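Trainee: I would like to work through this structure step by step. Please start with the terms and then go on to the details.

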Amino acid sequence: MDVNQAKQEHLLALKVMRLTKPTLFTNLPVTCEDRDLPGDLFAQLMREDPSTIKGAETLMLGEMLTLPQNFGNIFLGETFSSYISVHNDSNQVVKDILVKADLQTSSQRLNLSASNSAVAELKPECCIDDVIHHEVKEIGTHILVCAVSYTSQFGEKLYFRKFFKFQVLKPLDVKTKFYNAETDEVFLEAQIQNITTSPMFMEKVSLEPSMMYNVTELNSVASGDEGESTFGKMSYLQPMDTRQYLYCLKPKPEYAEKAGVIKGVTVIGKLDIVWKTNLGERGRLQTSQLQRMAPGYGDIRLSLEVIPDTVNLEEPFDIVCKITNCSERTMDLVMEMCNTRSIHWCGISGRQLGKLTPGASLSLPLTVFSSEQGLQSISGLRLTDTFLKRTYEYDDIAQVCVVCPFMSNEC
């Protein structure tokens, strides 16, 4: 794991140890029945073993803790801590000792030393200690480079380095999906999978929205005064398990009426994930800015603001349409209402709606009825821009459940 650059013997010795939480000591219990040849021998040995739990000697977990024997696994988002010690093994006084610790990644070299000033002298059997910390933000190969320079009592300048190579692994697999609602709302589904070999306690999974949106978390169920998490009270994520989080983003009021602005927004925000592993080791991971495919509304966007869930067969019902000019020019609109096999419009077709400036919206109440039962699609609206003689047709705008009031039919 480490390589000495210099072949000669040095007066100083460099020791590096990664600082991590200890692990619970485990042993392999060996038991037998009383009538077997060993009799009570194995049970007696386990009772005398100081690492076992008194009264529960057959459990693999003991009462003792084990210090790390190597660098172990280091995951993205965790804090890498290391103890560096330079000890004077000789019987000489060494002067001008400078200890430098750098972390080399695939893209940069970072100086982790707390101080870059040299120590005036180091007497025999004395040492210089330092603790370094670094929040790991890149995956892949990392090399900790520890360099020591000093001057012997005869004025000879000496220098040596040690290299400690380790891999930074990916702890979580994060996948996202976007769903664009009929309104300007955006729903984000985040799938988070634990790809480590140990369970995680998910302390926080939140979405930090971009400046144009407000976010609502949909990961709790209303229960009394406080909401209860859909994942239960103990938010553990076992190895290779996946958990789905859902968020709803709504445009802020100052941007909600700017159809052209909201239409082109692709940056939604970023996820902030905080977890803890065995014995409370904390990790944090922030994704890059999440981007969605901007919905293509065309020049005119037509959406329904008000529509009932269930209506009666052959009975008129009211809806409210919202027409938004998403283009950069003023339009003079005419609306035509075309009947389909099941949907019939009430009112005058070919109505003049007037001029609509860029980014402006118009709410229009309409009346319609259905001649067929079941789940029916609201279709048959046509808008014409008289300035450019351009026509826009809208089918499957929304769906409504049509039932017969005299029968117990369900959609």
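Mentor: Begin with burial: a residue is buried under 20% relative accessible area, exposed over 50%, and partly exposed in between, with a 1.4 Å probe and protein chains only. This is a predicted model, in which local features need pLDDT of at least 70 and side-chain atom pairs count only at pLDDT 80 or more, while totals for chains, interfaces and linings use all residues. Residues are numbered from 1 along each chain as its sequence is written, and side-chain values use heavy atoms, with hydrogens and water left out.

Trainee: How many helices and how many strands does the protein chain have?

Mentor: Helices (H or I, at least four residues) and strands (E, at least two) are DSSP runs, numbered from the N terminus. On that basis the protein chain has 33 strands and 3 helices.

Trainee: What percentage of the residues of the protein chain count as buried?

Mentor: The protein chain has 411 residues. The part of them that counts as buried is 38%.

Trainee: Among contacts between residues at least 6 apart in sequence, what percentage join residues at least 24 apart?

Mentor: Contact means heavy atoms within 4.5 Å. Among the contacts in the protein chain between residues at least 6 apart in sequence, the share that joins residues at least 24 apart is 70%.

Trainee: Over how many bridges do β5 and β9 pair?

Mentor: Strand β5 covers residues 79–88. T79 stands opposite E135 in β9. The two strands pair in the antiparallel sense, and the number of bridges is 9.

Trainee: The side chain of N88 reaches the backbone oxygen of which residue?

Mentor: N88 has its place in strand β5 and is buried, with a relative accessible area of 0%. Leaving aside neighbours within four places in sequence, the contacts of N88 include L11, L12, V94 and C126. At 2.9 Å, the side chain of N88 reaches the backbone oxygen of Q92.

Trainee: How far is C127 from the nearest cysteine sulfur?

Mentor: A disulfide is a pair of cysteine sulfur atoms within 2.5 Å. The structure holds 0 disulfides. C127 is therefore in no disulfide; the nearest cysteine sulfur, that of C126, is away by 7.2 Å.

Trainee: The side chain of S379 reaches the backbone nitrogen of which residue?

Mentor: S379 lies in the loop between β30 (374–378) and β31 (381–385), and is buried, with a relative accessible area of 9%. Not counting residues up to four places away in sequence, S379 touches several residues, among them C338, T340 and W345. At 2.9 Å, the side chain of S379 reaches the backbone nitrogen of D396.

Trainee: What is the phi of D396, in degrees?

Mentor: D396 is found in the loop between β32 (390–394) and β33 (398–403). D396 is exposed, with a relative accessible area of 55%. Although D396 is not a glycine, its phi is positive, at about 50 degrees.

Trainee: What distance separates the C-alpha atoms of P209 and K250?

Mentor: P209 has its place in strand β14 (residues 200–209) and is partly exposed, with a relative accessible area of 32%. P209 and K250 are 41 residues apart along the chain. Their C-alpha atoms are separated by 9.8 Å.

Definitions and conventions:
Two strands pair if DSSP finds at least two bridges between them. A polar contact is a pair of N or O atoms within 3.5 Å; within protein, one must be able to donate a hydrogen and the other to accept it, and residues adjacent in sequence count only if both atoms are side-chain atoms.
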